[in-house]
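Let's take a walk through a protein together, one step at a time. Keep the picture beside you and find each part as we come to it.

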Amino acid sequence: RDKKMGTLISNESSTDRNIKFLQKVAGIILIFLVICLFIFACVFGSNVLPVDANDTNTYVFVVNQGESKIQVIHNLKEQGLIKNEFFAKLYLKTNSKLQFYAGTYNLKKSMSVPEIYDSIGNTKKALTEDVTVTFLEGKRFTDYAKVISESFENITYDEVIDKGKDK
């Protein structure tokens, strides 16, 4: 019996050592994961901050109709309005309810990724090109078509006439 008890005691201490070893390994892995998560959070945070917090210049940015969110992010990077495409996409993925709307926007390099997304996700922040036209009695539509085509670079006289014929 003593031999069996001695063997039993030595087996328990071996099991205890294995458990302690596994606890140490699990602790080291947990610490490593926490450090990695902390580093990733710092890198992520710094990459969604403004490109240049001191640059107060306004840059015109256009989101075209039918453009994908990925293309919009690429264009933001091309214009130097965001630091990193990957982290801008990651921010978009973690905020899946964000929408981008076609339009022209005034953006700044001093805006963070969330601020930029807030701007291009809000149609009220888009620049509008409203023009008031007053029609006077006695003038012909062709006179107005000429004035409109001369006032706007991207509208021709024939286009105005064609639109006037629409019912």
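Two residues are in contact when they have heavy atoms within 4.5 Å of each other. With that idea in hand, look at the chain as a whole: of its contacts with a separation of 6 or more, 56% are between residues 24 or more positions apart. What you see is a predicted model, in which local features need pLDDT of at least 70 and side-chain atom pairs count only at pLDDT 80 or more, while totals for chains, interfaces and linings use all residues. Residues are numbered from 1 along each chain as its sequence is written, and side-chain values use heavy atoms, with hydrogens and water left out.

Helices (H or I, at least four residues) and strands (E, at least two) are DSSP runs, numbered from the N terminus. The protein chain has 6 helices and 2 strands, and along the sequence they follow the pattern α-β-α-α-β-α-α-α. Of the 167 residues in the protein chain, 21% are buried.

Let's go inside. A nonpolar core is a set of buried Ala, Val, Leu, Ile, Met, Phe, Trp, Tyr and Cys residues joined through side-chain atoms within 4.5 Å. The largest one here has 22 residues, and those with the most contacts inside it are Phe61, Leu76, Leu107, Ile116, Tyr117 and Ile120. Strand E1 (58-63), helix H2 (69-78), helix H3 (85-94), strand E2 (103-108) and helix H4 (113-120) each give two or more residues to this core. Which of its residues are buried? They are Val72, Ile73, Asn75 and Leu76. Seen down the axis of H2, these buried residues fall within an arc of 160° (the arc of the directions from the helix axis to the C-beta atoms), so they line one face of the helix. The buried residues of H2 pack against E1, H3, E2 and H4. Just after H2, Gly80 takes a positive phi of about 75°.

Ser119 counts as buried because its relative accessibility is 8%. Not counting residues up to four places away in sequence, Ser119 touches Tyr105, Leu107, Met111 and Lys125.

Next, the aromatic rings. Rings of Phe, Tyr and Trp (its six-membered ring) pair if their centres lie within 6.5 Å; planes under 30 degrees apart count as stacked, over 60 as edge-to-face and the rest as tilted. A search of the whole structure finds 6 aromatic pairs. In one of them, the rings of Phe44 and Phe87 have centres 6.0 Å apart and planes at 65°, so this pair is edge-to-face. Phe44 lies in helix H1 (residues 2-47) and Phe87 in helix H3, so the pair ties together parts that are 43 residues apart in sequence. Phe87 is buried, because its relative accessibility is 9%. Phe100 and Tyr117 form a tilted pair, because their ring centres are 5.1 Å apart and their planes stand at 55°. Phe100 is in the loop between H3 and E2 and Tyr117 is in helix H4, so this pair ties together parts 17 residues apart in sequence. Both Phe100 and Tyr117 are buried. Ring pairs also link Phe40, Phe44, Phe86 and Phe87 into a cluster.

What about the cysteines? A disulfide is a pair of cysteine sulfur atoms within 2.5 Å, and the structure holds 0 disulfides. Cys36 is partly exposed at 33% relative accessibility, and Cys42 is partly exposed at 42%.

Our last stop is helix H5 (residues 141-151), where Tyr144, Ala145 and Ser149 are buried. Viewed down the axis of H5, its buried residues fall within an arc of 130°, so they line one face of the helix. These buried residues pack against helix H6 (157-165), whereas the face turned away from the buried side carries the exposed residues Glu150 and Ser151. Ser149 has a relative accessible area of 18%, so it counts as buried. The side chain of Ser149 reaches the backbone oxygen of Lys146 at 2.9 Å, a polar contact (a pair of N or O atoms within 3.5 Å; within protein, one must be able to donate a hydrogen and the other to accept it, and residues adjacent in sequence count only if both atoms are side-chain atoms). Leaving out residues up to four places away in sequence, Ser149 touches Ile155, Thr156 and Tyr157.

Definitions and conventions
Buried means under 20% relative accessible area, exposed over 50%, partly exposed in between (1.4 Å probe, protein chains only).
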